[in-house]
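Thanks for making the time this morning.

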Amino acid sequence: MEGNMTKIWQDKRDRYVASAVGNGNRHIAAKAEGALITDIEGNVFIDFAGAIGVQNVGHCHPKVVQAVKEALDHFIHPGFNVIMYPGYIELCQRLCALAPGSFAKKAILLNSGAEAVENAVKIARAYTGRQAVVTFERAFHGRTNLTMGMTSKVKPYKFGFGPFAPETYKAPYPYAYRKPDGMSDQSYDEAIIAQFNEFFLNHVSPEQVACIVMEPVQGEGGFIVPSKRFVSYVRDFCTEHGIVFVSDEIQAGFARTGKMFAIENFDVIPDLMTVSKSIAAGFPLSGVVGKAEIIDACTLKGSLGGTYCGNPIACAAALAVLDIIKEEHLAARAEKIGAVIEARAEEWAKVYPFVGDIRRLGAMAAVEFVKNRETKEPDKDRAGQLVAYCNQHGLLLLDAGLKGNCIRFLSPLTITEEQLNRGLAIIEEALEQVK
Ligand SMILES: Cc1ncc(COP(=O)(O)O)c(C=O)c1O
């Protein structure tokens, strides 16, 4: 599968590209379409990674490509801070219309997920006049200094990169699979809520907190789905204490969970949302959208923004993405994809005792591997071997979880049944190999 040309590029990569940049797969891509990526040797990979949740509408969707080509005929980047253009304004309008909540909304566009999170924090601090930022255990919010501080997993994301920004705190977040033996779901919710309240006695006082930033489904943390009760408790807690509630939709948003935004599964309305990844089908674009009153607390012109923010080509792609999600009913499709994955994974659990947990919200699905179902000891090695096998045998697959013992499914939502089944069959081959 790896010919001479691949080897030449790999050697160059090792020679010239920073070692710390991860590559899940060492093949060299030549072309991508829908849920398939072909490498320079002609090997075809089914894509269950979607550039880490970026390709909900699939690679190079014809409507995205067309919108981008048309946008290029106008200009590449006049710079929104210098002279405005319709795409930026229209995308903000569409995001405001889509974001949950009947209040007046506004949006700002940025480049990356981390940058959106940073901006949400700036806005919340300006609005509240407070400094503290609360995130959750196992959270991932990015690799900039502030977002490293808001992120949980030390290795590889933070190790050796401190000191981190002050006034960031991590609250407990439920993990239903790992609740104490014999405890009911309801008692577990109450126990976590008690820990959450305790946290505000032990670590930071609510009246000092500018925002609580929550992933409505934890992404890098292992696709962990919290209970509705917990999410609505956090929302109410924010309301009670004047804290801005931010839903980080960067990985979970844009139909992945069966709703346009993951927080909609919890019947909760956030004050702000951070969006990125699948918003623009691979163009660097992110944003913060939410209550106009909060966003406009930053009053100084120039205090928000950046050179490349809201690039018009990326905006054109994003506007096409929003159309595609609606026209192709991708939210409903996500639920179907998730159901297929879940049914297959249930079969795996019958055969392989190391399949510990299967969980999902829509197509945001994960399988957690354990050494022993009784002790639930995480099995990172087996997950790693399985991911490596898949990547060598035609399937792009990612791991996840604080302990790296989960596999996660982030295929395009436009994947065909046949491609989905073929990808799952490769995982089945891998399960046989690692059993
Ligand atoms: C929930 C969440 N927030 C923030 C980020 C950071 O995004 P970026 O890598 O674009 O900075 C990610 C990236 O995986 C994410 O999953």
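Let me begin with a group of charged side chains: R178, D357, R359 and E368 are linked in a network of salt bridges, where a salt bridge is a side-chain nitrogen of Lys or Arg within 4 Å of a carboxyl oxygen of Asp or Glu. Please keep in mind that this is a predicted model, in which local features need pLDDT of at least 70 and side-chain atom pairs count only at pLDDT 80 or more, while totals for chains, interfaces and linings use all residues. Residues are numbered from 1 along each chain as its sequence is written, and side-chain values use heavy atoms, with hydrogens and water left out.

A search of the whole structure finds 23 salt bridges, and I will pick out a few of them. One joins R26 to D14, with the closest N and O atoms 3.0 Å apart. This pair links distant parts of the chain, since R26 sits in the loop between α1 (4–16) and β1 (29–33) and D14 in helix α1, twelve residues apart; helices (H or I, at least four residues) and strands (E, at least two) are DSSP runs, numbered from the N terminus. R26 is partly exposed, at a relative accessible area of 34%, and D14 is also in that class at 43%, the scale being buried under 20%, exposed over 50% and partly exposed in between, with a 1.4 Å probe and protein chains only.

A second salt bridge brings together the side chains of K106 and D296, at 2.8 Å from N to O. Here K106 belongs to strand β4 (residues 105–110), whereas D296 is in the loop between α9 (292–295) and α10 (312–327), 190 residues apart. K106 is partly exposed at 38% relative accessibility, and D296 is partly exposed at 39%.

Now to the ligand. The residues around it, meaning those with a heavy atom within 4 Å, are S112, G113, A114, F140, H141, G142, E215, E220, D248, I250, Q251 and K277. By class, this shell has three nonpolar, five polar and four charged residues. A backbone N or O atom of G113 lies 2.8 Å from an oxygen atom of the ligand, and a polar backbone atom of A114 is 2.8 Å from a ligand oxygen. On the side-chain side, a polar atom of D248 lies 2.7 Å from a nitrogen atom of the ligand. Taken alone the ligand exposes 390 Å², and the protein buries 85% of that.

Lastly, consider R360, which lies in strand β11 (residues 355–361) and counts as partly exposed at 22% relative accessibility. Leaving aside residues up to four places away in sequence, R360 touches V225, E335, G338, A339, E342 and A365, contact meaning heavy atoms within 4.5 Å. The side chain of R360 reaches the backbone oxygen of G338 at 3.4 Å. R360 and A339 are 21 residues apart in sequence, yet their C-alpha atoms are 8.8 Å apart in space.

Definitions and conventions: A polar contact is a pair of N or O atoms within 3.5 Å; within protein, one must be able to donate a hydrogen and the other to accept it, and residues adjacent in sequence count only if both atoms are side-chain atoms. Accessible areas come from the Shrake-Rupley method with a 1.4 Å probe; for residues, only the protein chains shown count as cover. Ala, Val, Leu, Ile, Met, Phe, Trp, Tyr, Cys and Pro count as nonpolar, Asp, Glu, Lys and Arg as charged, and the others, Gly among them, as polar.
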